[in-house]
Amino acid sequence: MSLPDSRGVFITFEGGEGAGKSTQVARLARTLRARRSVVTTREPGGSPRAEEIREALLAGVAKPYGPFAEALLFSAARIDHLDHLIRPALRAGEIVLCDRFMDSTRAYQGAAGGLDPDAVAALERVVVGGTRPDLTLILDLAPETGLARARARAAGQGASAPDRFEAEALAFHARLRAAFREIAEAEPARCVLIEAAGTAEAVEAAVRRAVAARLPGLLAPDAERVDAA
Ligand code: Z5A
């Protein structure tokens, strides 16, 4: 629900699998912590109850019920996450960096999953309310590259099977990329599209440039000047 909770700053990272969101959340958090208190979190998850729902979602428990039921479950997790972590942190004046948020529902369950955009918008209205991100960084990467990165990481961690979303066909991931690009185009005041094919350092530099341009004063002056190595 809409609350006057924005003394802090809310930044979300979006994009397809393996685009580098977690990597860039960690890097930006490290930079911002030099002068502000930062909370890093993720969706689905971020609060103990939402993490329980995450397990079920990534195991594919909701898949047989279709994209609307799946969106409801993502929304249930989001309600708890907003109430117990995001809104309290923003009220306390913290910077919240969130790995995926409402745009992932638009892209995965909506554009790629086939859920009616009106249903997605209605859920967003009642679940997210006024707690919209101040800035959304959309990491744009060819799905083949992102999936290869995600598979290499999973192999390194000894994971055997892909999760519910990694297992989708390449065409699904191509629809996702197009959906995220459309969101960036439709909401240019909130979103910045970041080219994510370069090194982690190059992507980090692009993220810092976007933060410096959209949220002046958030980064320390020396961090604003840093460029790709
Ligand atoms: N989902 C949904 O359907 N609806 C919703 O509303 C929400 C989510 C909120 C959560 O999965 C799933 O839930 C997600 C969408 C769906 N689909 N899946 N799968 P998750 O949290 O487990 O996974 P993810 O969000 O897709 O993130 P990821 O696969 O962990 O990727 P990432 O965070 O974007 O990338 P990364 O972990 O930073 O990097 C991946 C690997 O690449 C890693 O080994 C890095 O070291 C490496 N990397 C990172 N950057 C680079 C660069 N620049 N070059 C080379 N290698 C790099």
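**Helix packing, ligand and backbone**

Me: Which residues of H1 and H8 meet?
Reply: In this predicted model, Thr-23, Gln-24, Arg-27, Leu-28 and Thr-31 of H1 are in contact with Ala-200, Glu-201, Val-203, Glu-204, Val-207, Arg-208 and Val-211 of H8.

Me: And by class, what does the contact of H1 with H8 have?
Reply: The contact has 5 nonpolar, 3 polar and 4 charged residues.

Me: At what angle do the axes of H1 and H8 cross?
Reply: The axes of H1 (residues 21–32) and H8 (residues 200–214) cross at roughly 60° and come within 10 Å. The two helices are therefore oblique to each other.

Me: Is the crossing of H1 and H8 left-handed or right-handed?
Reply: H1 passes H8 in a right-handed crossing.

Me: Turning to the ligand, how many residues surround it?
Reply: The ligand is surrounded by 27 residues, and the closest are Lys-21, Ser-22, Thr-23, Arg-100 and Thr-105.

Me: Which atom of the ligand is 3.3 Å from the side chain of Arg-149?
Reply: A nitrogen atom of the ligand lies at that distance from a side-chain N or O atom of Arg-149. On the backbone side, an N or O atom of Gly-198 is 2.9 Å from a ligand nitrogen, and one of Ala-200 is 3.2 Å from a ligand nitrogen.

Me: Where is Arg-100 placed?
Reply: Arg-100 is in the loop between strand E3 (95–99) and helix H4 (102–112). Its phi is near 75°, a positive value in a residue other than glycine.

Me: Is the peptide bond from Glu-43 to Pro-44 cis or trans?
Reply: That bond is cis, with omega near -10°. Pro-44 is in the loop between strand E2 (38–42) and helix H2 (48–58). Most peptide bonds are trans.

Key:
Residues numbered from 1 in each chain as written. Predicted model: local features only at pLDDT ≥ 70, side-chain atom pairs only at ≥ 80, totals over all residues. Heavy atoms only, no water. Axes fitted to C-alpha atoms, helices over the stretch in contact; angles between N-to-C directions. Helix = DSSP H or I, 4+ residues; strand = E, 2+ residues; numbered from the N terminus. Parallel < 35°, antiparallel > 145°, perpendicular 65-115°, else oblique. Left-handed = near helix turned anticlockwise from the far one by under 90°. Contact = heavy atoms within 4.5 Å. Nonpolar A, V, L, I, M, F, W, Y, C, P; charged D, E, K, R; others polar. Near = heavy atom within 4 Å. Polar contact = N/O pair within 3.5 Å; in protein donor to acceptor, adjacent residues only side chain to side chain.
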